[in-house]
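Here is my note on the model, point by point. Please keep the structure open while you read.

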Amino acid sequence: MNCNTQLQIGNNLFLHQNVLLAPLAGITDFPFRQTVRMCGGELTFTEMISANGLVYENQKTLAMLLPVKEEYPIGVQIFGSDPEIMSEAAVICQEYGATIIDINMGCPQKKVVKTGAGAALMLTPRVASKIVEEIAKKVSIPVSCKIRLGWDTKDINGALFAKMLEQAGASMVTVHGRTRSQMFSGRANWPLIKTVKENLSIPVIANGDVKTLEDAIKCLEESNADGVMIGRAAIGSPWIIGQVADGLHKGIHKAPDMSLILDIIDFHLEMIEQYYTKDVAPKICRKHLAWYTKGMRNSASFRNHLFTAKTMEEIRSLAKDYFQMVIKQ
Ligand SMILES: Cc1cc2nc3c(=O)[nH]c(=O)nc-3n(C[C@H](O)[C@H](O)[C@H](O)COP(=O)(O)O)c2cc1C
């Protein structure tokens, strides 16, 4: 296993931890990222942001960058397929305070790949390299890329593809250990990530199916990667990033107890309430509370009630009653 738990990205960015929060559309918004940080996480990523939206000044898209100046370190992930637009978008992200520009080269969704973006870039390595080259020319912060192993099992080009990205100026590559055609099915292939790692001198981060400290250790052993990125396991458990990092770095493996979990949830709801408008905040809170309570006692009935609650006051009151019941039992 690669025992170096610190991470240097580019010339000037030094991280204490090699456990990263994955970009997750609809989930890794500012309140979620702050919650992950509050629980000891370090590098987080925004969800994917449209380069076109940024360059053509779509106000909703630009708003996604507003909180970035309050965050450090923060990777802003952009998607697109036009090197010119992508580099203009990267400049905007840097101006808004990004620490890293991450390029989405792994999104499998049809509506994204049909525009030549996301995982489709793995089919057009020259375009992908050009995107990295143009961005690296225009920004002074590190550029990273998030890729998959390849397009499908007949085309596992991750190692060569990543080498091209390194040569084009990428400072880090994250590899989701699946192909595009696998979408999210099957198991992530950690040993295959090793073929990418062997080919590069920049940090390689392994991603896919890391849910526990044991997974992280096994994934690092099998991939020899410099770090791991955790996505779905952080949904409803934002403490997992800090927890796995503590396990790897300090040998401490401690899951939060119920009272700490309640403090974390409280913090998260508070952040959501501050960040979103009165109309939107309840929707986001309901979604996260449903994830937080998954597997808890009587949670199905709590969630049924929750989804009828319209205001933050109602949601808080329902949550308070429910958690009191859980603590008592
Ligand atoms: C709901 C959801 C949203 C996602 N959004 C993004 C995204 O915006 N950008 C990206 O690069 N990957 C995205 N991914 C992929 C994850 O970052 C990650 O690569 C994948 O889930 C595998 O890691 P995991 O097993 O730790 O979840 C998303 C995945 C999920 C489940």
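**Notes on the fold**

1. Start in the sheet. Histidine 176 has asparagine 207, in β10, as its bridge partner. The chain passes from β9 through α8 to β10, and this β-α-β crossover is right-handed. A crossover is called right-handed if, with the strands pointing away from the viewer, the path from the first strand over the helix to the second runs clockwise. β9 and strand β10 (residues 204–207) run parallel and are joined by 4 bridges. Two strands pair if DSSP finds at least two bridges between them. Helices (H or I, at least four residues) and strands (E, at least two) are DSSP runs, numbered from the N terminus.

2. A word on the source. This is a predicted model: local features need pLDDT of at least 70, side-chain atom pairs count only at pLDDT 80 or more, and totals for chains, interfaces and linings use all residues. Residues are numbered from 1 along each chain as its sequence is written.

3. Now look at the other side of β9. β8 and β9 run parallel, with 6 bridges between them. Cysteine 145 stands opposite valine 173 in β9. Together, β8, α7 and β9 make a right-handed β-α-β unit. Is β9 enclosed or open? Of its 8 residues, 8 are buried, so β9 is largely enclosed by the rest of the structure. Buried means that 20 or more other C-beta atoms lie within 10 Å of the residue's own; exposed means 12 or fewer, and partly exposed is in between, with C-beta atoms placed from the backbone.

4. Move on to strand β7 (residues 100–105). Here 6 of the 6 residues are buried, so β7 is largely enclosed by the rest of the structure. Ile100, Asp102 and Asn104 point one way, while Ile101, Ile103 and Met105 point the other way. Strand β6 (residues 74–79) runs parallel to β7, joined by 4 bridges. Valine 76 stands opposite isoleucine 101 in β7. The chain gets from β6 to β7 through helix α4 (residues 83–95), in a right-handed β-α-β crossover. β7 also pairs with strand β8 (residues 143–150), again in the parallel sense, over 5 bridges. There, aspartate 102 has serine 144 as its bridge partner.

5. Check the helices next. In helix α7 (residues 158–168), the buried residues include Phe161, Ala162, Leu165 and Ala168. The buried residues of α7 pack against α6 (125–138), β8, β9 (172–179) and α8 (190–199). Glycine 169 follows α7, and its phi is positive, near 120°. Isoleucine 131 lies in helix α6. It counts as buried, with 31 C-beta neighbours inside 10 Å. Leaving aside neighbours within four places in sequence, isoleucine 131 is in contact with Pro83, Met86 and Ile103. Contact means that the C-beta atoms of two residues, placed from the backbone, lie within 7 Å.

6. Then find the ligand. It is surrounded by 21 residues, and the closest are Ala22, Ala25, Met48, Gly231 and Arg232. A residue is near the molecule if its C-beta atom, placed from the backbone, lies within 6 Å of it. By class, this shell has 10 nonpolar, 7 polar and 4 charged residues. Ala, Val, Leu, Ile, Met, Phe, Trp, Tyr, Cys and Pro count as nonpolar, Asp, Glu, Lys and Arg as charged, and the others, Gly among them, as polar.

7. Last, check the backbone. Most residues other than glycine have a negative phi, and most peptide bonds are trans. The peptide bond from tyrosine 72 to proline 73 is cis, with omega near -10°. Methionine 183 has a positive phi, near 50°. Methionine 183 sits in the loop between β9 and α8. Asparagine 298 also has a positive phi, of about 55°. It is exposed, with 12 other C-beta atoms within 10 Å.
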